[in-house]
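Please read it alongside the sequence and the coordinates.

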Amino acid sequence: MVAGVINIGTENISFDIAQNDQDDIDIIESLDYPLFLGRDTFTTGRISFEKVEILSQKLLGFKRVAEEYGANKLKVVGTTALREAENLDFILDQIETRTGFTIDVLDDYEEKSHIYMELIRNFEKYKKYKRDDVLFVYIGTGSMGLATYSKGLIDSSQNIKIGSVKVSEMLRDLEENTLHYSNLIREYLNTFYQPINVWLINKKIKTFVTCGNEIEFLAGLLGKNEEEVLNIPQEEFDKLFQNLKSKNATELSREYDISESKANSLLSALAFYRLLLEVSGAENILVFPKVNLSRSLLFQRLLSRKYRRFFNLLEKSTIISSRNIGKRYFYEETHSQTVEKYAIKLFDVLEPVHQLGKRHRLLLQVAAILHDIGKYVNIKKHYLHSYNIIKGSEIIGLTSRELDIVSRIAYFHSAQDLEIDDYSSQLENIPDKILITKMLAILRLADALDVAHESKLGDIEVNLEGNHLIITTHTPKETLLEEWALKRKDNFFLEVFGILPELLKKV
């Protein structure tokens, strides 16, 4: 089987064709064309239509090459430069009209998730490094992703909206006025030192794992190449940093026969990696040259069964990450676990009615874990604080759209007498209104079943009988409060599903 991926990046358009090779993929053709879309986006906010014309021509050329290999179904993705362009909609429309390609512009979180899965897949082979906490680092052209990895799962992540090319473009005008451009970059990046340091406060990082063109180039300067993994000890990186930090882009360009644009990105990346070594205390950098977005997407397309295992790991990481966020804000863990358990049980029993999928089950689970997190800020209007905390958090594996869904479920979960008409008017222009409403109805019911925050009902049994949802508890404790709470929220549930929930006590 042959598949192809076109990645419209910040600096290049890359095209890779691969075939499956037992446990891995084999790249059989790799092409790229420099277009520097990021230069437009990061300076003017828009991509010129002259570049759109060039991009369209190159896409048609790649299409012809793909046909020669028999790769008829191509996946075309765009990242930061397209994602942040103000005229994105017009660009996508013009490209589809001229080439027939529909471009999938990846959410920033989605892009990072693909990279992390590919890093995990490659890192798993090196067991001697797996004993300690590990920091995954992905310095893209427009943003930087950080994730902590422990015991086979990612347990927390950060996404910082600054990357090697974006920094270069932002500080380009200042380069002429300083002798030490890398020091200028470092001064700018120091604003991120303390937040990253606080985030890593309880971690003992000895290794950070990364990928990317700049770090590969830097590793090559240390004589490390032609290997599946490149190990750069902290001492060696420091020596390289001392050697390069006083050079400007012009000097680097001449010395290493690279473009000034690439030299600028290199100086930015050098400062990024130096900062991360300092703040994490890592003793070495592991670089995986083969890891990139296109390889991850090709692995997904060509070896979907094997990819599923890593996708499942990412979903487990989503839950771990959500619980760690809850702990950071001192959530009521027992109540959260009880509501989570009840919500999942209700979701599974109601599957013939709601007809939602596995991914929606995960989103409901995250919402159940974090629904009361806003009480850390203030009990008054805690639902609003929950919304803001979730919306502003990094939950590994979730896209910004999915974070929005989860945060809206948390916002509406606590209203006692929520009228469906009033609620609908508040979500009138939200595309995911139906999804949110179904999951909200389930969460509100689960929360009502633990209204006292004492897990009084224990392991409930849930059965769907016609238009009645029978919730059975065998607790010897008084359940008047739970019955009252259920009645206060059952009207919304009835409006959404046409089903009346009933609490039945059997001792």
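Gln355 is placed in the loop between helix 16 (351-354) and helix 17, in a model that is predicted. The phi of Gln355 is near 55 degrees, a positive value in a residue other than glycine, and at 66% relative accessibility Gln355 counts as exposed, because the cut-off for that class is over 50%. Most residues other than glycine have a negative phi. A second case is His453, which has a positive phi of about 60 degrees although it is not a glycine. His453 belongs to the loop between helix 21 (433-448) and strand 12 (461-465), and with a relative accessibility of 24% it counts as partly exposed.

Confidence should be kept in mind when these details are read. The mean pLDDT of the protein is 90, and 96% of its residues reach 70 or more. The highest confidence is found in helix 17 (residues 358-370), at a mean of 98, whereas helix 6 (residues 164-171) has the lowest, at 68.

Two helix pairs can be described in turn. Two packed helices are described by the angle between their axes and the distance between the axes.

| Helix pair | Angle between axes | Distance between axes |
|---|---|---|
| Helix 17 and helix 19 (residues 400-412) | about 50 degrees | 9 Å |
| Helix 10 (residues 234-244) and helix 12 (residues 260-280) | about 140 degrees | 11 Å |

The angle of about 50 degrees makes helix 17 oblique to helix 19, and helix 17 passes helix 19 in a right-handed crossing. On the side of helix 17 the contact involves Arg359, Leu363, Val366 and Ala367, which meet Glu402, Ile405, Val406 and Ile409 in helix 19. By class, the residues of this contact between helix 17 and helix 19 divide into six nonpolar, no polar and two charged. An α-helix has 3.6 residues a turn, so residues three or four places apart point the same way.

Helix 17 and helix 19 are also among the elements that cover the buried residues of helix 18 (residues 382-391). Those buried residues of helix 18 are His382, His385, Ser386, Tyr387, Ile389 and Ile390.

For the other pair, the angle of about 140 degrees means that helix 10 and helix 12 are likewise classed as oblique to each other, since only angles over 145 count as roughly antiparallel. Helix 10 passes helix 12 in a left-handed crossing. Gln234, Phe237, Asp238, Phe241 and Leu244 in helix 10 are in contact with Leu267, Leu270, Tyr273, Arg274 and Leu277 in helix 12. This contact of helix 10 with helix 12 comprises seven nonpolar, one polar and two charged residues.

When residues up to four places away in sequence are not counted, Ser157 touches Leu146, Ala147, Trp199, Glu394, Ile395 and Ile396. Gly100, by contrast, is found in the loop between helix 4 (88-99) and strand 5 (104-105), and its relative accessible area of 55% makes it exposed. Gly100 and Gly357 are separated by 257 residues in sequence, and their C-alpha atoms are 30 Å apart in space.

Definitions and conventions:
Residues are numbered from 1 along each chain as its sequence is written. This is a predicted model: local features need pLDDT of at least 70, side-chain atom pairs count only at pLDDT 80 or more; totals for chains, interfaces and linings use all residues. Side-chain values use heavy atoms; hydrogens and water are left out. pLDDT is the predictor's confidence in each residue, from 0 to 100. Helices (H or I, at least four residues) and strands (E, at least two) are DSSP runs, numbered from the N terminus. Axes are lines fitted to C-alpha atoms, for helices over the stretch in contact, and angles run from 0 to 180 degrees between N-to-C directions. Angles under 35 degrees count as roughly parallel, over 145 as roughly antiparallel, 65 to 115 as roughly perpendicular and the rest as oblique. A crossing is left-handed if the near helix is turned anticlockwise from the far one by less than a right angle, and right-handed if clockwise. Contact means heavy atoms within 4.5 Å. Ala, Val, Leu, Ile, Met, Phe, Trp, Tyr, Cys and Pro count as nonpolar, Asp, Glu, Lys and Arg as charged, and the others, Gly among them, as polar. Buried means under 20% relative accessible area, exposed over 50%, partly exposed in between (1.4 Å probe, protein chains only).
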